[in-house]
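Please look at the sequence and the structure first.

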Amino acid sequence: MPQWNCGCAGCCTARRTGAARGQDCLAVSADGAAWYLVNASPDLRGQLLAAPELAPAESTRDTPLRGVLLTSGELDHTLGLLTLREAAGLSVHATEPVRAALHGAFPVGPLLAPYTKARWQTVVPGTAVELAGGLRAEPLALGGKRPRYAADLPGEGWEDRADWVSGYRFTAAGSRASAVYAPGLAAWTPELDRAVADAAVVILDGTFATDDELAEGTGGARTSRGMGHLAVRDSLVHLARHPGPRYLYTHLNNTNPLAHPGSPGSAALARAMAAAGAAVAEDGQLVEL
């Protein structure tokens, strides 16, 4: 926010005041030395430059960035992979349908191949991935919404896959504290229930405040659920059942009143979130477990 082609009140205010928000992306590490991105947003270069933890050591071209874990194949989560073409090498972790989409309908894999050594790894929900620095990532299948560009992906059974959208539960070696990341969430699943039960931090899909937010703001007919996002109002009831973790909402759309403090509806929703132990994640926010 602001959205480049939007002149709504919130985007105009953001342009005037400089209160911009970047696109969804997370960097995670267990030891502070080996780092992994979760998603690679279109504005990734600016995000990397704003994170001193990810800077190369002086007089080198070596960075602490070891790879990327994808939660979906959406363009907002994958376009930044092309920015990483200058890396000496990196691992890219994605579920089978997302890998198929990124090697076919949107051929990021073939595009990167001439520039860097990208090691593509298939993520299987329920099977933990052991990463550098003692980081463990446990993938969670969260939904079957595939990107629009992959609607006609060749092959059988893609429409029946529940792992087009995934989340991750991160744990450091020797630690019981965990963090859950789920920026795309069509519905609250039993898998997510189990993942957040004893988590220290849960970063959730905060795209829309209410299910009909986009329809009311634009006059269209698309709902939050129809676009694969559980609205904040609808996820708060689940937070009440798991009061232990610290909850942060991310991936806010420019129509979401939470992205515009002081706007109509934002104060009441912020109070409801605070009562559930939740807040909005801020750009550049550092969360330590």
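Buried means under 20% relative accessible area, exposed means over 50%, and partly exposed lies in between, with a 1.4 Å probe and protein chains only. The model is predicted: local features need pLDDT of at least 70, side-chain atom pairs count only at pLDDT 80 or more, and totals for chains, interfaces and linings use all residues. Residues are numbered from 1 along each chain as its sequence is written, and side-chain values use heavy atoms, with hydrogens and water left out.

Helices (H or I, at least four residues) and strands (E, at least two) are DSSP runs, numbered from the N terminus. In β9, 5 of the 5 residues are buried, so this strand is largely enclosed by the rest of the structure. Both of its faces are covered. Ser178, Val180 and Ala182 are buried on one side, Ala179 and Tyr181 on the other. In a regular strand the side chains alternate between the two faces of the sheet.

Two strands count as paired if DSSP finds at least two bridges between them. β8 (residues 165–172) and β9 run antiparallel, joined by 4 bridges. Threonine 171 has serine 178 of β9 as its bridge partner. The hairpin of β8 and β9 has 5 residues between the strands, and glycine 174 there takes a positive phi near 80°. With β10 (residues 201–205), β9 (residues 178–182) pairs in the parallel sense, over 4 bridges. Alanine 179 is partnered with valine 201 of β10, and alanine 182 with leucine 204 of β10.

**The seven-stranded sheet**

These strands belong to an open sheet of 7 strands, in the order β6-β7-β8-β9-β10-β11-β12, with mixed pairing. Its edge strands, β6 (129–131) and β12 (278–280), each pair on one side only. Neighbouring strands of the sheet are turned by 25° against each other on average, direction ignored. Axes here are lines fitted to C-alpha atoms, for helices over the stretch in contact, and angles run from 0 to 180 degrees between N-to-C directions.

Contact means heavy atoms within 4.5 Å. Helix α8 (residues 232–239) lies across β10, β11 (246–250) and β12, and runs at about 165° to β11.

Leucine 131 sits in edge strand β6. This residue is buried, with a relative accessible area of 11%. Leaving aside neighbours within four places in sequence, leucine 131 is in contact with Tyr36, Leu69, His93 and Ala137. The C-alpha atoms of leucine 131 and serine 29 are separated by 9.4 Å, although the two residues are 102 residues apart along the chain.

β1 and β2 form a hairpin with 5 residues between them, and glycine 32 in the turn has a positive phi of about 75°. The pairings are listed below.

| Strands | Sense and bridges | Partners |
|---|---|---|
| β1 (residues 26–29), β2 (residues 35–38) | antiparallel, 4 bridges | valine 28 with tyrosine 36 |

**A pocket**

A pocket is an open set of points on a 1 Å grid over the protein atoms alone, where a 1.4 Å probe fits, with protein on both sides within 12 Å along at least five of seven lines; lining residues have an atom within 4 Å of a point. Grid points are joined across faces, edges and corners, and a volume is the space filled by probe spheres set on the points.

The second largest pocket has a volume of about 720 Å³. Its lining holds 22 residues, and the closest to its centre are Leu48, Pro56, Thr63, Leu84 and Glu86. α2 (44–49), β3 (65–69) and β4 (89–95) each supply at least two lining residues. α2 gives the most, with 3 residues.

Most residues other than glycine have a negative phi, and most peptide bonds are trans. Asparagine 39, in the loop between β2 and α2, has a positive phi near 80°. Asparagine 39 is buried, at 0% relative accessibility. Serine 59, in the loop between α2 and β3, has a positive phi near 70°. Serine 59 is exposed, at 80% relative accessibility. The peptide bond from methionine 1 to proline 2 is cis, with omega near 5°.
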